[in-house]
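Please go through the model shown here and answer some questions about its packing, pairing and contacts.

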Amino acid sequence: MNKAVDNQALLSSLAVAKSNPFAPTPLEERKRIKEAIAKWLLAIITLMLVLPVIAILGYLVFKAWPILGPSFLLENPQDNMTAGGIWAPLVGTFFLVVISLLIAAPIGVLAGVYLNEYAGDNWATRVVNLAVMNLAGVPSIVHALFGVGAFVLFAGMGRSLLAASCTLAVMTLPVIITSTREALSSVPMSFREACWNMGATRWQTIRTIVLPNSISGILTGVILQVSRAAGETAPILFTGAVFFRDVPEHGWEAFFPYGLHDRVMALSYHLFTLVTQVRGVSDEIQYGTAVVLIGLVLFVNALSIALRSYLRSRKKW
Amino acid sequence: MSIQIDFRNLTVKYGHKFALQDVSLEIPEKRIFAIIGPANSGKTTLLKCINRTIDFVSHAKVQGRVLIDGEDVFRIRNVYELRRKVGMVFPLPVGLPLSVYENVAYAPRRAGIHDRHELDAIVEKCLRQAMLWDEVKDRLQLLGTRLSGGQQQRLTLARALSLRPEILCLDEFSIAIDPVTTMRIEDILRELKNEMTIVLVTNLVQQAHRLADYTAFFSASRLIEANRTETIFNQAAHRLTARYVAGDFG
């Protein structure tokens, strides 16, 4: 009797199996549910990352809305910062970033090329690597104090655009070196070996094969440092930033209001002083300054992403 | 018949591990010389000593001498000249991320040839020799990396030929390409041996049998024996060699 039932059950299960060989087993069902949970959990957490960005940007723009416009960008601060725009600090930040990159980018890229392409694996290289990594981890306020000691006092630059730019350059240097090395090491070793085997020197190989195929990564790394240099306050605090400077309003001088040895206004420091040092500054001016600063950073980041994807689309292997 | 490459008591160590131990071997001019043996027997290291790309292996230590036309390669000042004299083809095809034309013109340009007509002639000749010309003559500006694997391997061969080398080394050139391409390249090699010495490292015992005038058998970083290919395959002096060519191990 029992045996007959068993047989029947077996037969019916076989029949089921035969009718639909792809019917999900309980194990398959559980796997499907877990898969769905994992997918949605990851997606929700990813979305939560975006929320703060949207919230911050939205709030800033909302608060600053009445004042945003060309005149806010193009006018200089007036009436002890309580009126006018942010032209002087905006230009100051621009010069700080450009000069610091003019110093840091060539040094960083060339050092990265040496470390990745020439340096052997020995103790000297390891010491340099360690130094670069530690330099990248130094807090920006310490960079500021180093800048005061090395550039303002020792090199005799005084508090100036040049000293502040040099300090920013020291701060951005290690990241430029690291990103350059990463970009270079993404070029397959087999390309280099093929060239060396044909009697090309290391430099010929670097110039003709390695650099052309890693330039996108190198540029991305450099450009990302623009936003960092523009946003940092501490390194320029003691080395060249100034609370207020009366600069020319009109003519070509408005575009070059600072000399290398002048102290400069900068967006990040300007925002800091507006919020903490000056009384009677309207909310709009404070938030407007923040919007311009963050907008600048986002714009540069977007630029670097666009450049990277453009160069990647031309990648040749 | 003169000796082109003369290895004298060559020993290479990677750290504490021997890659080659006391290898003495003479490779004659304008013949195909096959080097066979199981993996890790030092075959590739031997090639790297010929054009001194062993220099790029930072932990490699070399003892002994390698003479090319009587000159010790480890004493040569102008190593780039040496590498131009020795063409190399590797197991995996490497199309440089340049056009087909520039792939072949790369080495001549680096060696200082800039005349357009001269370069055109070199490119065409090498691509013809590598039996690739008919397939790419209408698209020389195409990226070398876009060719198929077999085509890229022939492109690699054309590149190796672009400096009219006296010695052509091939390191298991056929493992990543199809049998038809392999046969075509083997035909090319039979032609080329009238012009240059060919050193052929191969895992395929039958390939050595088909192509080579001489064959050397390596095992565990030592040269076991070297002789005329017929002798190696029919009357090997060493039992290990006989077993390897018969397919008993390896």
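This is a predicted model: local features need pLDDT of at least 70, side-chain atom pairs count only at pLDDT 80 or more; totals for chains, interfaces and linings use all residues.

Residues are numbered from 1 along each chain as its sequence is written, chains are lettered from A and ligands numbered from 1 in the order in which they are written, and side-chain values use heavy atoms, with hydrogens and water left out.

Q: How many aromatic pairs are there over all chains?
A: Rings of Phe, Tyr and Trp (its six-membered ring) pair if their centres lie within 6.5 Å; planes under 30 degrees apart are stacked, over 60 edge-to-face, and the rest tilted. Over all chains, the number of aromatic pairs is eight.

Q: Which kind of aromatic pair do A:Phe94 and A:Phe95 form?
A: The ring centres of A:Phe94 and A:Phe95 are 5.8 Å apart. The angle between their planes is 75°, and planes over 60 degrees apart count as edge-to-face. The pair is therefore edge-to-face.

Q: Is A:Phe94 buried or exposed?
A: Buried means under 20% relative accessible area, exposed over 50%, and partly exposed in between (1.4 Å probe, protein chains only). A:Phe95 has 14% and is buried. A:Phe94 has a relative accessibility of 53%, so A:Phe94 is exposed.

Q: Which elements of chain B does the pair of B:Phe217 and B:Tyr244 link?
A: B:Phe217 and B:Tyr244 form a tilted pair, 4.9 Å centre to centre with 35° between the planes. Both residues are buried. Helices (H or I, at least four residues) and strands (E, at least two) are DSSP runs, numbered from the N terminus. The two residues are 27 apart, and the elements linked are strand 9 (residues 214-219) and helix 10 (residues 239-245) of chain B.

Q: Which residue lies over the face of A:Trp196?
A: A charge sits over a ring if NZ of Lys or CZ of Arg is within 6 Å of the ring centre and within 35 degrees of the ring normal. In chain B, B:Arg110 lies over the face of B:Tyr106, at 4.7 Å from the ring centre. Over A:Trp196, at 5.0 Å from the ring centre, lies A:Arg202.

Q: Why is strand 3 of chain B largely enclosed by the rest of the structure?
A: On one side of the strand, B:Ile32, B:Ala34 and B:Ile36 are buried, and on the other B:Phe33 and B:Ile35 are buried. Strand 3 (residues 32-36) of chain B is largely enclosed because its buried residues number five of the five.

Q: Which residue of strand 9 of chain B stands opposite B:Ile35?
A: Two strands pair if DSSP finds at least two bridges between them. Strand 3 of chain B runs parallel to strand 8 (residues 197-201) of chain B, with four bridges, and B:Ile35 stands opposite B:Val201 there. Strand 3 also pairs with strand 9 of chain B in the parallel sense over four bridges. In strand 9, the residue opposite B:Ile35 is B:Ala216.

Q: Which residues of chain A are in contact with B:Arg159?
A: B:Arg159 lies in helix 6 (residues 149-161) of chain B and is buried at 4% relative accessible area. Contact means heavy atoms within 4.5 Å. Leaving aside neighbours within four places in sequence, the contacts of B:Arg159 include B:Asn103 and B:Val104 and, from chain A, A:Ala194 and A:Met198.
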